[in-house]
Amino acid sequence: MSVGGNSVKDHSKSGFWKRSASGPGSGKPVYGAQHPPMQQPISNVTKKDEKSRVARTGDSFQDFENKTLDAWDDGDDDLMLDMANIKMSMKDIQSTAKAVLDHHRQTRNANLQYNGPNLGPGHHKAAPGMGIRINNSWQPPKPSPIRYTQETVVDKEVTKLEKIKTMLAGPNTNMVELQKLSWSGIPKAVRPTCWKILSGYLPTNVDRREQMLERKRQEYFSLIDQYYASRHDEMHQDTFRQILKDVPRMTSLAHLFQQKRIQEIFERILYIWAIRHPASGYVQGINDLVTPFFVVFLSEFIENDIEVENINLTELPEETLNIIEADTFWCTSKLLDGIQDNYTFAQPGIQTKVNALRELVKRIDAQLHAHLEEESVEYLQFAFRWMNNLLMREIPLRCSVRLWDTYLCEPNGFADFHLYVCAAFLTRFSKDLLREKDFQGILMFLQNLPTHHWHDDEISEMLAEAFKLKYMFADAPNHLSKKS
């Protein structure tokens with residue numbers, strides 16, 4: 001059998017799919033109160049041995065029978081015989097069967113309901129996006145009222161928050177110190193300002209910030225006035241048509257992207273960026289990269305967790321939404337400027353990074369690499385999306401936000417450091433992948449990774465592993481290109 005042109009092994013003969021001999025339907029008795037362990041046939045032992053055995057075990061078996069007297073019902077067999085003689089009408093049988101089937105159907109439908117990404121620890125479901133696409137019964141969360149921002153800080157973040165606030169309030173923010181403090185995660189209260197500075201959008205000089213923000217926001221809406229009307233022109237209509245298709249299908253915040261006002265914000269951001277970057281234009285995947293900036297800058301005004309709450313953002317003042325839109329556009333542009341070769345013709349940046357990932361995994365987890373090679377799994381088949389969407393389809397949105405705290409602090413973090421994160425991400429599931437014994441099983445697992453329950457702790461562990469890999473290989477690139 002072949003899948004996607006790749007050979008898939010048939011494990012039916014090897015026993016891989018063989019039913020367990022002790023499983024349901026195996027015919028072996030279940031030991032317990034009514035089924036004590038089977039005795040060896042008396043014909044297989046001598047009478048002398050049997051007398052000796054009975055003498056040894058008689059008392060213990062009597063004790064066993066006495067202790068389980070409540071479950072050892074001699075009348076059960078007679079009762080079963082009586083029940084067998086009872087004649088049931090076909091109408092009774094059909095009505096009973098229908099009741100059982102109806103109950104099963106209701107239970108199954110209840111289990112299929114999607115309850116959002118805020119699942120408890122250890123709850124493994126399909127990966128973000130994939131689970132929502134597969135589950136046609138998904139419904140958005142119940143509407144929640146908007147709660148405007150109030151400063152609340154977790155105790156362990158107090159010291160870091162105070163340091164960052166002091167740094168941001170100074171006449172000139174020390175970029176190096178800000179990167180050091182922010183690498184391990186940025187407190188929510190100061191994340192919007194930190195992201196703008198770390199992206200290179202907001203100046204480090206405090207006195208220049210308000211003036212610069214006002215100018216850049218005006219510039220963005222001037223671009224809207226100048227270019228947005230051209231979206232229906234023949235030369236641009238295909239680009240805009242693709243954007244219109246992709247925005248409602250963004251799954252990280254599926255309920256949010258059903259709001260027309262929010263769709264229009266993303267459509268404008270993506271179209272204006274595409275017009276200003278004709279070398280690449282709009283490519284599927286870029287739409288996902290707008291979301292973290294939008295969510296973080298929205299958190300400057302409201303405290304709702306929009307990953308799990310369904311709020312009507314049109315209740316926000318128009319001026320607030322315009323500020324969020326403009327800031328999101330400029331920070332997304334800064335990010336894409338550093339990885340634009342991911343989206344030019346033939347996407348050479350992604351091809352290069354996937355090849356580098358292959359060589360890196362070959363060095364750090366030779367067993368996993370050999371397993372993927374043996375089952376004809378190409379890295380491009382799963383890692384293309386990891387590079388194209390920066391893992392946003394593989395992990396919850398809250399984890400992407402935490403991941404980007406670190407990316408913004410690393411030199412060229414969305415390109416170079418992302419490679420090491422992908423390697424740490426893949427090898428984290430090494431044992432699970434080694435248990436998959438064919439091409440189809442491996443690809444299905446990689447496309448439905450159990451990350452719905454992830455939070456900051458899992459991301460911090462992965463980042464620590466990625467930093468170790470960077471330390472080992474970044475300054476020795478020959479280790480990646482060396483032929484074995």
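Author: The questions below concern a predicted model.

Reader: Is phenylalanine 467 buried, partly exposed or exposed?
Author: Phenylalanine 467 belongs to helix α20, which covers residues 456-473. Its relative accessibility is 40%. Buried means under 20% and exposed means over 50%, so phenylalanine 467 counts as partly exposed.

Reader: Which residues form a nonpolar patch on the surface with about 370 Å² of accessible area together?
Author: Phenylalanine 467 is one of the patch residues. The accessible area of about 370 Å² belongs to the patch residues together. They are Phe467, Tyr471 and Met472.

Reader: What is the arrangement of α17 and α20 to each other?
Author: Helix α17 spans residues 413-428, and its axis comes within 8 Å of the axis of α20. The crossing is right-handed, and the angle is roughly 120°. An angle of 65 to 115 degrees would count as roughly perpendicular, and one over 145 as roughly antiparallel. The two helices are therefore oblique.

Reader: Is leucine 390 buried or exposed?
Author: Leucine 390 sits in the loop between α15 (380-388) and α16 (397-407). Although it is not a glycine, its phi is positive, about 55°. Its relative accessible area is 0%, and the limit for buried is under 20%. Leucine 390 is therefore buried.

Reader: Is alanine 346 buried or exposed?
Author: Alanine 346 is in the loop between α12 (318-338) and α13 (348-364). It also has a positive phi, near 70°, without being a glycine. Its relative accessibility is 52%, and the cut-off is over 50%, so alanine 346 counts as exposed.

How values were computed: Residues are numbered from 1 along each chain as its sequence is written. This is a predicted model: local features need pLDDT of at least 70, side-chain atom pairs count only at pLDDT 80 or more; totals for chains, interfaces and linings use all residues. Side-chain values use heavy atoms; hydrogens and water are left out. Patches are made of residues with over 30% relative accessible area and no salt bridge: like charges are joined within 9 Å, nonpolar side chains (Val, Leu, Ile, Met, Phe, Trp, Tyr) within 5 Å. Accessible areas come from the Shrake-Rupley method with a 1.4 Å probe; for residues, only the protein chains shown count as cover. A salt bridge is a side-chain nitrogen of Lys or Arg within 4 Å of a carboxyl oxygen of Asp or Glu. Helices (H or I, at least four residues) and strands (E, at least two) are DSSP runs, numbered from the N terminus. Buried means under 20% relative accessible area, exposed over 50%, partly exposed in between (1.4 Å probe, protein chains only). Axes are lines fitted to C-alpha atoms, for helices over the stretch in contact, and angles run from 0 to 180 degrees between N-to-C directions. Angles under 35 degrees count as roughly parallel, over 145 as roughly antiparallel, 65 to 115 as roughly perpendicular and the rest as oblique. A crossing is left-handed if the near helix is turned anticlockwise from the far one by less than a right angle, and right-handed if clockwise.
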